[in-house]
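Subject: Structure for you to look through

Hello,

Here is the structure I said I would pass on. Please open it first and then read the notes below it.

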Amino acid sequence: MYFVISICFFCILADGYDLGIYGAVLPSLLDYQPWGLTPAQAGTIGSYALFGMFFGAILVGTITDLIGRKRVLIICVTFFSLTMVGCAVATSPEMFGLFRFIGGIGLGGVIPTASALAIEYSPPHRRSLNYALMFSGYSFGTVLAAILAIFLLDSFGWRFMFWIGAAPLLLVPIMIKYLPESVSFLLSRQRRKEAVAICERYRMDISYFEHQAKKDEGEAKGQKSVKGLFSKQYIRATLVIFVTYVMGFYLVYGLNTWLPQIMRELGYSLNSSLSFLLVMNLTAGIGALIASAIADRFGSKRVIGVSYFLAALSAFLLTVGAPPIALTYLMVGVAGFGAVGSTQILNAFVTKYYPAQSRATALGWGLGIGRIGAILGPIVIGFLLSMNLNMVWSFYTFVFAGIVAVIGVVLIPSKKDEVL
């Protein structure tokens with residue numbers, strides 16, 4: 001179990017590094033004279049990877065339910081790692097943006113695939129916690145990007161930071177040889193012998209998966225994958241989950257892309273600005289682990305709703321006056337937990353909410369549709385900054401997104417006799 005979760009952790013960490021590194025190097029890109037980028041152009045380039053992730057999450061998330069999780073995860077990790085090399089050697093903003101878009105397609109497939117594997121290889125009573133342990137790699141990836149930027153960016157430049165992003169290629173041979181396939185996927189393809197062998201190796205009960213498959217078949221009433229998401233039973237949940245993802249991702253990507261530059265324009269040094277990014281994601285990673293343990297006991301919906309509310313409240317408080325530096329760090333940390341941490345728990349919630357045959361598809365579509373918010377975050381904030389508007393307007397958009405996300409969580413229908 002822990003081997004699978006560890007592999008998925010490092011895959012998600014690489015995804016988080018990709019998110020964090022663009023925000024970390026963005027001030028340097030704006031200062032890079034050969035390209036002469038404006039804030040609006042930088043925001044648009046920041047959205048290119050998210051456009052790719054939009055298509056990747058939907059397409060790859062659906063494909064994993066057809067050809068298996070292991071193969072798709074390996075392909076995706078290889079794909080986006082190679083495009084990090086492309087970003088490092090890019091000779092123009094257009095080439096850089098193209099590689100960001102292509103890499104985004106691979107990145108979009110990592111989260112739904114790794115999530116489905118992590119949930120499946122966890123005992124039912126530890127799924128939220130184990131998922132949070134695995135998905136904390138996302139926050140720690142952005143933390144790693146901030147730490148490396150603080151120590152290396154001035155000495156080696158922004159290109160070197162993207163060379164580091166190609167390191168996940170070292171993980172691929174291990175994944176090919178040792179990573180197991182999804183048991184649920186094997187059973188759905190009548191490959192029971194392989195499923196039994198995996199269950200014996202990882203000391204899991206094959207009857208649990210067979211019972212779950214029969215239960216899910218009954219719940220889905222013969223409807224699978226995409227069709228099941230929009231069935232009468234799930235359509236309301238699907239639509240409000242999509243809205244919640246859009247708002248949640250606006251918070252995550254808007255903050256991670258622009259927070260260092262916003263704090264820099266407020267008068268902080270580059271390293272101090274990067275430290276805000278570090279605190280935000282470190283708090284998000286640790287907070288998500290604690291909140292996930294609470295969610296396993298009291299239900300994910302309550303925890304997610306409270307978390308998004310805290311993100312909105314913290315963003316609003318950052319617009320009030322000029323708080324002491326310690327209080328500013330605290331509010332940035334709470335905003336990070338509320339935005340990034342709650343979205344992690346939302347992913348685990350979705351994987352538990354839908355039947356197994358639609359699980360990766362549901363998460364893939366949710367993450368894919370959520371990319372609309374992820375795309376808008378860098379663009380909208382970049383546009384506001386280019387208009388030289390007061391910084392509070394950027395934070396007001398985060399407040400709005402947090403409130404709408406809370407409403408979306410409240411409107412998700414509860415499932416009878418289940419604490420989700």
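Does serine 273 count as buried or exposed, going by its relative accessibility? Serine 273 counts as buried, because its relative accessibility is 0% (buried means under 20% relative accessible area, exposed over 50%, and partly exposed in between, with a 1.4 Å probe and protein chains only).

Before the rest, some notes on the source. This is a predicted model, in which local features need pLDDT of at least 70 and side-chain atom pairs count only at pLDDT 80 or more, while totals for chains, interfaces and linings use all residues. Residues are numbered from 1 along each chain as its sequence is written, and side-chain values use heavy atoms, with hydrogens and water left out.

Serine 273 lies in helix H13 (helices are DSSP runs of H or I with at least four residues, numbered from the N terminus). Not counting residues up to four places away in sequence, serine 273 touches Pro260, Met263, Arg264 and Tyr268 (contact means heavy atoms within 4.5 Å). Glutamine 261 is 12 residues from serine 273 in sequence, and their C-alpha atoms are 7.0 Å apart in space.

Next, the helix pairs. H13 (residues 270-298) packs with H1 at an angle of about 160°, and their axes are 11 Å apart (axes are lines fitted to C-alpha atoms, for helices over the stretch in contact, and angles run from 0 to 180 degrees between N-to-C directions). H1 and H13 are therefore roughly antiparallel to each other (the word is used for angles over 145 degrees).

Among the residues in contact are Asp15 and Asp18 of H1 and Phe96 and Arg100 of H4. The contact of H1 with H4 has 13 nonpolar residues, no polar ones and three charged ones.

H12 (residues 235-265) and H17 (residues 392-410) pack at about 155° with axes 8 Å apart. The two are therefore roughly antiparallel, and the crossing of H12 and H17 is left-handed. This contact divides into 14 nonpolar residues, six polar and no charged.

The largest nonpolar core has 139 residues, and Phe96 and Val183 touch the most other members (such a core is a set of buried Ala, Val, Leu, Ile, Met, Phe, Trp, Tyr and Cys residues joined through side-chain atoms within 4.5 Å). H12 gives the most to this core, with 17 residues. Leaving aside neighbours within four places in sequence, valine 183 has contacts that include Tyr121, Ile198, Met204 and Phe209.

Last, the loop between H16 (356-386) and H17 holds asparagine 388. Most residues other than glycine have a negative phi. Asparagine 388 is not a glycine, yet its phi is positive, about 60°. Asparagine 388 is exposed, with a relative accessible area of 69%.

Regards

Methods. Angles under 35 degrees count as roughly parallel, over 145 as roughly antiparallel, 65 to 115 as roughly perpendicular and the rest as oblique. A crossing is left-handed if the near helix is turned anticlockwise from the far one by less than a right angle, and right-handed if clockwise. Ala, Val, Leu, Ile, Met, Phe, Trp, Tyr, Cys and Pro count as nonpolar, Asp, Glu, Lys and Arg as charged, and the others, Gly among them, as polar.
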